[in-house]
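Let's take a walk through this one together.

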Amino acid sequence: MNTDVPTTPGPSSGSLLRRSGWRLEKRLEVKPWHEVVTLVGAFIVGLAICSILIAASDKSVVDSYRALFDGAFGSRRAVYETLVQATPLIFTGLAAAFAFRARVWNIGGEGQFFAGAMGAFFVSNLWHAHLPRGVMVPVLFIAAAAAGALWASIAGLLKARYDTNEIITTVMLNFIILLILSYLLGDLWRSPDTFYFQTVTLPESAHLPLIVDGTRLHWGFGIAVAMAVVVHVVLRRTALGYEVRGVGINRTAGSYKGISVPRVTVLVMAISGALAGLAGAAEFSGIHHRLQLDISNNFGFVGIIIALIGRLHPAGVVVSAIAFGALVNGAVTMQIQTGIPAALVDVIQGLSLIFVLSGAVAVRYRLQRTHTDE
Amino acid sequence: MSDVLEALINVGVLASAIRIATPLLLAALGEMVTERAGILNLGLEGTITVSAFGSFVVADKADSLWLGVLSGVGAGILLSLLMAVLVSSIKVEQVVAGLALNLFGIGMAFYLFRAVYPQTGGEMPRSDTFDFAEIPLLSDIPGVGEVVFSQHWLTYAAILACPALWYGLNRTQFGLELRSVGNNPAACDMRGINVTGMQYLALVFGGLMAGLAGAFLSVFLSGLFFVDVAAGRGWIALAIVIFGNWRIGRILAGSLFFGYLDAYQLSLQARGVDVPHQLLLALPFALTIAALVVNRRRSHEPLHLGVPYFRGER
């Protein structure tokens with residue numbers, strides 16, 4: 001900002017506002033509690049609007065939210081299932097957060113998720129009979145990370161070499177990988193005993209072990225949290241992390257400081273893709289044990305939202321992924337108990353994001369009484 | 001083999017290509033105008049879904065197809081106004097606002113759909129659909145009549161919108177100002193052009209066109225609403241704008257070409273020809289990436305696309 005008095009107030013031009021004797025001013029510093037208030041406020045406004053939707057369909061708002069909460073946290077089993085739902089979202093949230101830190105807009109988490117799942121299936125299908133579980137599972141995770149990284153690198157290389165818009169290329173690559181998978185499921189990979197587009201179910205040697213027996217909570221959750229720690233350390237404590245943050249703050253200045261921006265772009269894309277790919281491995285090897293076209297519940301796209309609500313911070317990603325997992329999990333109970341469509345959760349998620357985003361901008365301004373009347 | 005070749009020029013395939021191209025063309029034209037004003041609206045998919053729902057529910061409950069189209073358009077405009085507030089007034093990152101709009105829009109449409117039509121397990125609710133608007137005399141021409149002149153009225157409107165839009169953008173003061181906003185908002189601001197106002201108008205137009213695309217899917221094509229009714233068409237429309245390098249003629253050609261590929265693979269599937277139809281479907285997306293690379297030196301991409309404009313900040 002330059003030093004002269006801001007004549008245009010705030011984010012919106014506000015002749016109406018000015019006439020009322022108030023004006024918007026940019027804050028000099030944004031304190032953490034401002035942000036916390038914004039986040040909580042955003043969530044409450046989102047819930048309030050959804051309450052109107054619930055009330056409009058003649059259902060009890062309190063009962064509905066209680067069912068939602070019970071479904072998410074009401075019992076030990078519910079909590080485990082919430083963590084199961086959160087697991088892929090932690091991975092894809094980290095994937096988006098890492099890329100966005102460098103201001104590389106990887107919108108391809110969804111495609112990289114599938115690339116990862118395909119990599120995991122490919123090696124499991126090949127070797128599950130020959131390798132013990134202790135070797136097979138790590139190998140399939142590595143294959144998934146490699147596949148995700150490879151698929152994302154296409155967009156990274158195109159951006160580094162030709163300066164193509166990665167938003168567009170990653171979105172296009174999402175469709176391409178899904179169509180490739182659809183082709184493979186209808187042909188080479190189709191299970192011989194079914195007409196559905198799905199592969200065979202792989203035996204136990206390719207299954208991720210469970211954390212708690214008798215539930216669906218698998219070690220993918222542990223790996224996801226571990227990856228959050230790794231991403232945090234990489235961002236804060238390594239040369240690469242320094243470069244990533246540097247490029248994110250200012251590309252031009254970064255290149256003057258001797259950072260190779262194209263190299264960082266490709267690396268960031270690859271790492272981001274690898275993280276999304278791990279989500280694919282966790283879902284494949286922890287939950288489904290086979291490939292289908294519907295193994296992703298929009299994980300790639302929701303991951304982007306989680307990254308933003310988590311303020312692109314690994315810990316924030318874990319927290320908001322668990323919150324979103326709880327919403328998804330609780331919605332099932334809510335639908336069964338009250339008949340409220342589970343799609344309400346998408347509305348809550350979309351609204352929270354809209355308000356969090358608006359709040360993030362709004363928090364940079366404050367209302368100030370103008371001294372002279374105009 | 002002969003099936004594969006015959007389908008290439010089959011009258012039915014060509015006619016359905018134009019039909020499939022219609023919503024793509026509508027949404028892509030709207031998005032092109034929005035982008036010309038510097039706003040990248042990734043929320044097309046959600047906008048189309050909401051509009052398809054709006055059209056469907058009103059057409060069904062009020063028993064009027066025209067009211068259905070109107071409310072679909074209204075829903076599209078409403079959603080893009082929300083986008084306008086977010087990106088043009090509050091100046092939220094455009095990519096993210098678009099994605100939020102998708103999630104919110106699709107969730108909202110499906111929630112309301114389930115609220116109005118509780119799941120019964122029976123048949124899906126179905127609305128009326130428009131009849132084809134066969135143009136007298138012209139539709140009697142063998143071949144051409146069936147392919148070109150026996151379409152829906154909205155298809156004719158979409159095609160006629162191309163020259164009108166071209167004139168508006170390239171031959172009027174308003175069009176010039178709109179394009180300048182996308183290229184150099186600071187200069188426009190200095191000239192007294194209301195940048196925010198222009199972006200609102202461009203987004204509203206985009207919402208109107210996406211609304212028509214949504215209406216086309218429900219009350220023209222199928223008479224159905226389901227959560228995946230847009231089926232990626234919003235994203236394909238975005239691809240077409242890039243593939244067409246932000247130029248109307250090429251956007252028309254791109255829409256027809258993408259529509260044709262889809263119609264062709266559908267007819268091959270229907271004939272039971274064993275070809276990897278997924279590869280035909282993937283072609284538009286691969287070609288769009290290729291177009292980005294090939295056109296990078298003579299790109300007509302608006303210079304300020306996707307960058308929020310703050311007065312007084314450089």
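Predicted model: local features only at pLDDT ≥ 70, side-chain atom pairs only at ≥ 80, totals over all residues.

Residues are numbered from 1 along each chain as its sequence is written, chains are lettered from A and ligands numbered from 1 in the order in which they are written, and side-chain values use heavy atoms, with hydrogens and water left out.

Start with the largest nonpolar core, where A:Phe100, A:Leu140, A:Leu291, A:Leu344, B:Leu29 and B:Met32 touch the most other members out of 203 residues. (A nonpolar core is a set of buried Ala, Val, Leu, Ile, Met, Phe, Trp, Tyr and Cys residues joined through side-chain atoms within 4.5 Å; buried means under 20% relative accessible area, exposed over 50%, and partly exposed in between, with a 1.4 Å probe and protein chains only.) Helix α11 of chain A, residues 261-288, gives the most to this core, with 14 residues. (Helices are DSSP runs of H or I, at least four residues, numbered from the N terminus.) Leaving aside residues up to four places away in sequence, A:Leu140 touches A:Ala120, A:Val123, A:Ser124, A:Ala206, A:Ala281, A:Phe284 and A:Ser285; contact here means heavy atoms within 4.5 Å.

Now find A:Thr87, which sits in helix α4 of chain A. Is A:Thr87 buried or exposed? Its relative accessibility is 1%, so A:Thr87 counts as buried.

Over in chain B, look at helix α7, residues 153-171. Its 19 residues should span 27 Å at 1.5 Å a residue, and the end C-alpha atoms are 27 Å apart, which agrees; the expected span is 1.5 Å times one less than the number of residues. α7(B) has a kink of about 30° at B:Cys162, shortly before the proline B:Pro163. Among the buried residues of α7(B) are B:Tyr156, B:Cys162 and B:Leu165, and their cover includes α2 (11-36) and α10 (195-222) of chain B.

Back in chain A, the 25 residues of α13 (residues 314-338) should span 36 Å, and the end C-alpha atoms are 35 Å apart, which agrees. After α13(A) comes A:Gly339, with a positive phi near 80°.

Terms used
Helix = DSSP H or I, 4+ residues; strand = E, 2+ residues; numbered from the N terminus. Bend = angle between axes of the 7 residues up to and from the residue.
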